[in-house]
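Here are my notes on the model you asked about, written for someone opening it for the first time. Keep the viewer to hand and go through the points in order.

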Amino acid sequence: MMKDNRHRPIYSLPQDTIVGGRYLIQDFLEERENRLIYLAYDLAGEKQIRLTECYPKQLVARDGEKGEENLRIHPGKEAEMKNLLGSFEKEYKQTIPDHNTLYTVSQIQKKKPMGTVALCTAVIVLGVGMLFYTLRPSGQKEQVKEPSKVSEGKTETYENGDYIFDAGTEAIEVDTDSGTMYFDRILQVYLDSELSDSQIENLLSAVDGTLVGKIAGRMNILQVQIPESGFDVLEEKAQKLMEQENVLFAGYDYPVQIENMEIGIDTNPWDSEKKEGGSEYDEGVPNGNNWWAEAVGAYTAWNNLPELSDETLGIVDSGFDTSHPDLKGKITITGDTKNRKESHGTHVAGIAGAINNDIGIRGIADSAQILGVSYADYFDTDEFTYAVPLQLLEANRILIEQGAKVVNNSWGFTLMSEDAYKETWSVDPVGLLYQEQTEEQNMEMDYEGYVHYYTDVLAKRTAQDAERMMEQLLNSATTEEEKEFMIVQSAGNGFDNMMEKGYDASWQGFFCGITADTHVSETYSYEEMKNHIMIVSAVQNKREKGRYQIVEGDNQGDTVDLWAPGWDVYSCVSTEESEMYQSASGTSMAAPMAAASALLIWELDPSLSAGEVKQTLLDHASEAYLPSDESKVYPMLNIGRTVLALQGREDGFTGYLKETLVPKYGVMPTDSWKLNNSLPTWSKGDTSPANGILSAYIADFDGDEMDEMLVVRFVQEENKKIYLEMYEDYKGSIDLATGIMFDIDWLCTTCQNNRLSVMADKKNGYYQIYLYAFQRGNGGGAETIVKLNYEERPNKGMSVLEPENYWSFIMGSDQTASVQSGTLKLKEVNPLAELWDYKRGEGSAQVEYENTAKAPYESASYAEDFENMLNTFYGNLQETTGLKHKTELAQSWSNAPIETYVSADDEDSQEMQYTAKTLFEEDDQLQWIASLDNHMYHNRDTNTIQNTIIPEDTTGIVRK
């Protein structure tokens, strides 16, 4: 009965549909690229068969009564459908026309019963695919079998003379105690060096074995066939081999399965969605088909890279279309393996290294040459087949030995969800074989046992084999350069490969699975091994607070090193598809971006070690976050920033600040200085270092999820001025958006102590700006905070930085005090707006007084009234802004003139008692940017005045 489950598309043919008047649909098996595959019954031949339907879902839909549906071709897609049907007919030779499409029949290969052992397999997936696995009979223990003849299998011979033995499906067995799948009678033997023929014979004689596979050179591994059958026998013989000289490890050989993926059609060109202003790219607001290149700063890298040599990037994948116009002449197939025009490998290759031409896309390392190994020989599109893991490790070894500094592996295991496991086991080819065995052996399906085998046995074993391969490559290196290589692997797309629920990436096995717990090398530490590995997960084009959102349905965990775009990534596909460029999602797409970026770094600085290349990418990464825990920050690839850093430059705002603004305005020193005059004033005529940029801060100031840069600079003219200027990134070009100027002569006239600070407070995900000012003179003064609002005004075509609210506590020279708050209004001047000089009635500001109260100085309640007003000021400030003033600071009031008020001096130490920064309770959301404190100490004994200006750059960005 056909199962209505998540893996059965609603557009698949229903049960009991008859195709070609002969084939009765029984179950849906799986969906592949432009293919729907069914389990059907041949009414004439009286047997079950596999029926494959040509169904390009992007081109057609079904019409008609249930069971009699014909395909209806979407308007304008007739030519594409005709070409696709032609390709289908060419590929399968014998086809059946029906329902306005074509079908083909393939036989289900029934396997001989495997005694007390059932078939068990796992899947290595590329982008979409399933993992199939079956378990041992409940309560049964495997018996050692009598010697039996193993099927001849096949031997894969490589151009370097290595050969790997595949024992065939007849030799696949499952240990009923551990659930381990293995090739019966076949052992893997890892050696510490290449052995002579006589040494190999001595090893073989220890177990009465026959040599059936051999890898020699920088990696030395033997495959040995023994005469006896059974898992216990293999374990015993493996232990005996490990006691021999030159043997690093010996263990059972085992299979894995590989499947292809589906890629979704997107006919929009690479740069069809022009950015604001007509530019072809905008790294500040990534969108369109080239969003992934914008997000990683690829355009910045391309625009600043020197002419590079043609370094080699290795890729192990399903196959490559070497005739693709964006890859023609770029890819060399090696390893003596059969290459197919597979879209997955072509898509990965395009992301990594597509040619910079007038068509299609552009790869990250567009100058690199690609050396590819296709594992097309390891699987068949219509039958249950598998690969020997040694083939995948050998592929990496071959690429490294032939000069690839970086090798990309966009594949790994996929773990099924429990629902998928229960639904899939009986409706796929592997499930049919499993069904055959469970009926005979009364075996029970055990999901927990399946997970145990997958995570604790298979993932661990493949990880240890991968590490042994790497160790041999390192040990056999004859130069330091040969030791420097990087292996990149995709982290995987979660349960069922659906990108809906992720799990620990270490369960992917192979390089993803190498952890401190699986570490086996006695020569190299786990950290040294990890220097040569980069595991990559994916982000999507969603941002919050300037950070990219991680695809939480992909695999995560401690083994993941870096994140890169992996959602709707547009790249090359096989020219046999209806479109040569399509979009795909998955960590398979993220990995080649990181791999190609690592290669670029090595091209820029060949002296770097593998660990330094990796760390360089991490040090200059952007930020990513998990929606389930936004408090943590993860590194996202930014090749543009990394390239600039290697050139001694910085990208974005920091680079613009240092390369453009600093040469233009200079840097204001932060050393304190004393005023020349003896009066309590910083007079207009004083010369001082208060000139140039004091500080800057980069953050999201307007809540648009994009950063801006606030620059604080002083100008020493006839009147001292402070400028607050906001810079925006427009399509990769940084420019002044708006600014505001404050005349600060008020800071300079007959005032004993002054404070001027700029700070930012994070609210609702973005920063709001505050200007704090304090002045105290003879008989009066004021403490004021102004909230500055930065926002875009599309209707006026500009951005504005302007005062929004203010809170003030004022001590009048008439010995009164008042609390004021309200809204500030000012005349707008674009791009700079002038503000008042804090002397009311002057300048362009209009102050609306909201709450004013006076307390007579000579009244008996003056001190109490003074304190109440302060508390009103502080309370109003905290309630409306969240800023907490330290009310516990020393204050003094008496029947004499006010001598001490919050930030006054310490009379005893003659030092400044408080700076502006110490007046507020700091928290994680409060960011101080710049301060200018004026301290005047009047020595009454000598009647002399010491007047000091103390500047402070709190962020340090200008001076890094």
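1. C54 is buried, and its relative accessible area is 0%. C512 is likewise buried, again with a relative accessible area of 0%. How many disulfides does the structure hold? The count is 0. Please bear in mind that this is a predicted model.

2. Now for the overall picture. The chain contains 16 helices and 48 strands. Of its 960 residues, 60% are buried. Taking the contacts between residues at least 6 apart in sequence, 66% of them link residues at least 24 apart.

3. Which residues have the most contacts inside the largest nonpolar core? They are W292, V406, M470, F511 and M534, in a core of 156 residues. Helix 10, which covers residues 447-475, gives the most to this core, with 13 residues. Apart from it lies another core, made of 31 residues, including A690, F714, I722 and V758.

4. Leaving aside residues up to four places away in sequence, V406 touches T312, L313 and G314, then M486 and V488, and finally A595, A598, L599 and W602. Two of these partners, A598 and W602, return in the next point, where they belong to the helix 12 side of a helix pair.

5. Which of its residues are buried? They are A610, G611, V613, K614, T616 and L617. An α-helix has 3.6 residues a turn, so residues three or four places apart point the same way. The cover over the buried residues of helix 13 includes helix 11 (526-530), helix 12 (587-604) and helix 14 (639-646), together with strand 25 (486-490) and strand 26 (533-544).

6. The axes of helix 2 (residues 197-207) and helix 3 (residues 231-242) come within 9 Å, with a crossing angle of roughly 140 degrees. Angles over 145 degrees would count as roughly antiparallel; helix 2 and helix 3 are therefore oblique to each other. This crossing is right-handed. L203, A206 and V207 from helix 2 meet K237, K240 and L241 from helix 3.

7. Helix 3 also holds L234. Is L234 buried or exposed? L234 is buried, with a relative accessible area of 0%. Its contacts, not counting residues up to four places away in sequence, are Y182, F183, R185, I186, L187, I226 and Y252. Y182 sits 52 residues from L234 in sequence, yet their C-alpha atoms are 9.7 Å apart in space.

8. Y252 is also among the contacts of T180. T180 is placed in the loop between strand 12 (172-174) and strand 13 (181-183). With 3% relative accessibility, T180 counts as buried, because the cut-off for buried is under 20%. Besides Y252, T180 touches E173, V174, D175, F231, Y453 and V457, with residues up to four places away in sequence left out.

9. Finally, please check two backbone angles. E46 has a phi near 55 degrees, a positive value in a residue other than glycine. E46 lies in the loop between strand 3 (35-42) and strand 4 (47-54), and is exposed at a relative accessible area of 60%. D568 is not a glycine either, and has a positive phi of about 50 degrees. The loop that holds D568 runs between strand 28 (562-565) and strand 29 (569-572). With a relative accessibility of 41%, D568 counts as partly exposed.

Technical notes: Residues are numbered from 1 along each chain as its sequence is written. This is a predicted model: local features need pLDDT of at least 70, side-chain atom pairs count only at pLDDT 80 or more; totals for chains, interfaces and linings use all residues. Side-chain values use heavy atoms; hydrogens and water are left out. Buried means under 20% relative accessible area, exposed over 50%, partly exposed in between (1.4 Å probe, protein chains only). Helices (H or I, at least four residues) and strands (E, at least two) are DSSP runs, numbered from the N terminus. Contact means heavy atoms within 4.5 Å. A disulfide is a pair of cysteine sulfur atoms within 2.5 Å. A nonpolar core is a set of buried Ala, Val, Leu, Ile, Met, Phe, Trp, Tyr and Cys residues joined through side-chain atoms within 4.5 Å. Axes are lines fitted to C-alpha atoms, for helices over the stretch in contact, and angles run from 0 to 180 degrees between N-to-C directions. Angles under 35 degrees count as roughly parallel, over 145 as roughly antiparallel, 65 to 115 as roughly perpendicular and the rest as oblique. A crossing is left-handed if the near helix is turned anticlockwise from the far one by less than a right angle, and right-handed if clockwise.
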